[in-house]
Every structure is written in structure tokens, then in C-alpha cells.
Amino acid sequence: LVAILDTGIDRQHEDIYGRVVAEANFSASPASDDYYGHGTHIAGIIAAGLNNGTGIVGVAPSCRLMNVKVADDRGRCDTASLADGIIWAVENGAQVLNISLCLEQPDAELEYAIDYAWEQGVVVVAAAGNSGGSTPQYPAYYDSCIAVTATKEDGSRAPLASYGWWVDVA
């Protein structure tokens with residue numbers, strides 16, 4: 001059970017239809033639907049169906065998804081919404097948290113939520129960011145996260161990918 005903490009998920013998207021088994025909205029948006037597109041994109045990378053003749057195949061095509069909307073309809077997120085979403089996902093059975101959002105400042109409440117998830121045995125994966133620099137991004141910078149950055153096909157760092165000693169996987 002993978003929780004996507006993002007801008008929501010389009011539950012009707014043909015590549016992930018029927019995969020969302022739980023949802024919650026911690027954003028300022030009135031609905032948990034994805035009007036921005038980022039959360040649906042991330043959900044597809046993770047869970048897009050196998051052998052359905054549509055789009056791509058996700059890295060975990062048989063997983064179930066939790067739609068945890070923590071960013072608004074313009075992609076903006078605050079630490080309190082993200083922290084609340086993390087706690088909710090853990091308490092509702094998530095085994096993996098995907099957080100493809102970045103915040104520039106550390107926050108005690110967010111770090112507590114990340115540590116809580118990790119202590120419950122939940123794998124926490126977070127984007128290192130798209131700053132193109134080595135400045136830490138949160139929550140990826142926290143020790144209880146697996147910080148992931150992007151590479152190009154040849155294995156070199158993607159132009160906007162954040163980097164640094166704190167990044168775990170590229």
C-alpha cells in the first residue's frame with residue numbers, strides 16, 4: 001500500500017483506475033481530485049497497470065494506492081498539511097510513503113511525522129528536488145527519508161536535479 005502525498009490523484013485515469021483504495025484531503029482545495037496533474041503523474045510512475053495496452057508500466061504495477069492530497073490545486077504545500085498527511089497515511093496502513101514535494105526549510109512537526117513513519121516500519125521516499133543545487137530540501141534531507149534525485153539516460157545528473165551528500169539514490 002503506497003501513499004502518494006501530493007496534489008491528489010485522478011482516480012479515473014485509465015492507467016491507475018481502481019487502484020486508489022483510500023484517500024484524504026489535507027490541502028486547502030475542496031476536493032481530493034488532482035487538478036494540477038503532478039500527483040497523478042507520480043501515481044502512474046509507481047502503479048501504472050501491466051499489460052493493459054495503455055501508457056507505461058509502473059515500478060510496482062500491482063500495488064494499491066492511497067491518495068493523500070497535501071498540496072493545493074496549484075501545487076503549493078505547507079509543512080502542517082504534509083505532516084498531517086504523513087500521520088494519517090501511517091495510521092491507515094501505508095507501507096510506503098512517496099513524497100515528491102520539496103520544502104526549503106526544516107520544520108520540527110514535519111521531522112516528527114517523518115520519524116514517526118520510519119519508526120512504524122514505513123519506507124519513506126522523498127524527492128531531493130529540482131533546484132539544480134546542493135542545498136538540502138525537506139523532507140528528503142531528514143535521516144528517516146530515502147532521498148532520491150534524477151539522472152539522464154547516460155547516468156549523469158539531470159540538469160535540474162538536486163544533489164549532495166544527503167541524497168541516497170539517483
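Tutor: Gladly! This is a predicted model. Let us begin with H3, in which Leu-110, Ala-113, Ile-114, Tyr-116 and Ala-117 are buried.

Student: Why are the buried residues of H3 said to line one face of the helix?

Tutor: Looking down the axis of H3, you find its buried residues within an arc of 160 degrees, so they line one face. The face turned away from that buried side carries the exposed residues Ala-108, Tyr-112 and Glu-119.

Student: What covers the buried residues of H3?

Tutor: The cover includes helix H2 (79–91), strand E4 (96–99) and strand E5 (123–127).

Student: How do you know that the span of H3 agrees with what a helix should have?

Tutor: H3 has twelve residues, 108–119, and at 1.5 Å a residue they should span 16 Å. The expected span is 1.5 Å times one less than the number of residues. The end C-alpha atoms of H3 are 16 Å apart, so the two values agree.

Student: What is found at the start of H3, and what just after it?

Tutor: At the start, a side-chain oxygen of Asp-107 comes within 3.0 Å of the backbone nitrogen of Glu-109. Just after H3, Gly-121 has a positive phi of about 85 degrees.

Student: Why is Ser-29 called buried?

Tutor: Buried means under 20% relative accessible area. Ser-29 has 7%, so it is buried. You will find Ser-29 in the loop between strand E2 (20–25) and helix H1 (38–47).

Student: What makes the pairing of the Ser-29 and Asp-73 side chains a polar contact?

Tutor: The cut-off for such a pair of N or O atoms is 3.5 Å, and the contact between these two side chains is at 3.0 Å.

Student: Why is H1 described as largely enclosed?

Tutor: Seven of its ten residues are buried, so the rest of the structure largely encloses H1. Those buried residues are Gly-39, Thr-40, Ile-42, Ala-43, Gly-44, Ile-46 and Ala-47, and they pack against E1, E3 and E4.

Student: Which residues touch the most other members of the largest nonpolar core?

Tutor: Of its 34 residues, they are Ala-3, Leu-5, Leu-82, Ile-86, Leu-97, Ile-99 and Ile-114. Strand E1 (2–6), strand E3 (65–69), H2, E4, H3 and E5 each supply at least two residues of this core. Apart from it lies another core of eleven residues, including Ile-9, Val-20, Ile-42 and Cys-63.

Definitions and conventions
Residues are numbered from 1 along each chain as its sequence is written. This is a predicted model: local features need pLDDT of at least 70, side-chain atom pairs count only at pLDDT 80 or more; totals for chains, interfaces and linings use all residues. Side-chain values use heavy atoms; hydrogens and water are left out. Helices (H or I, at least four residues) and strands (E, at least two) are DSSP runs, numbered from the N terminus. Buried means under 20% relative accessible area, exposed over 50%, partly exposed in between (1.4 Å probe, protein chains only). The arc is that of the directions from the helix axis to the C-beta atoms. Contact means heavy atoms within 4.5 Å. A polar contact is a pair of N or O atoms within 3.5 Å; within protein, one must be able to donate a hydrogen and the other to accept it, and residues adjacent in sequence count only if both atoms are side-chain atoms. A nonpolar core is a set of buried Ala, Val, Leu, Ile, Met, Phe, Trp, Tyr and Cys residues joined through side-chain atoms within 4.5 Å.
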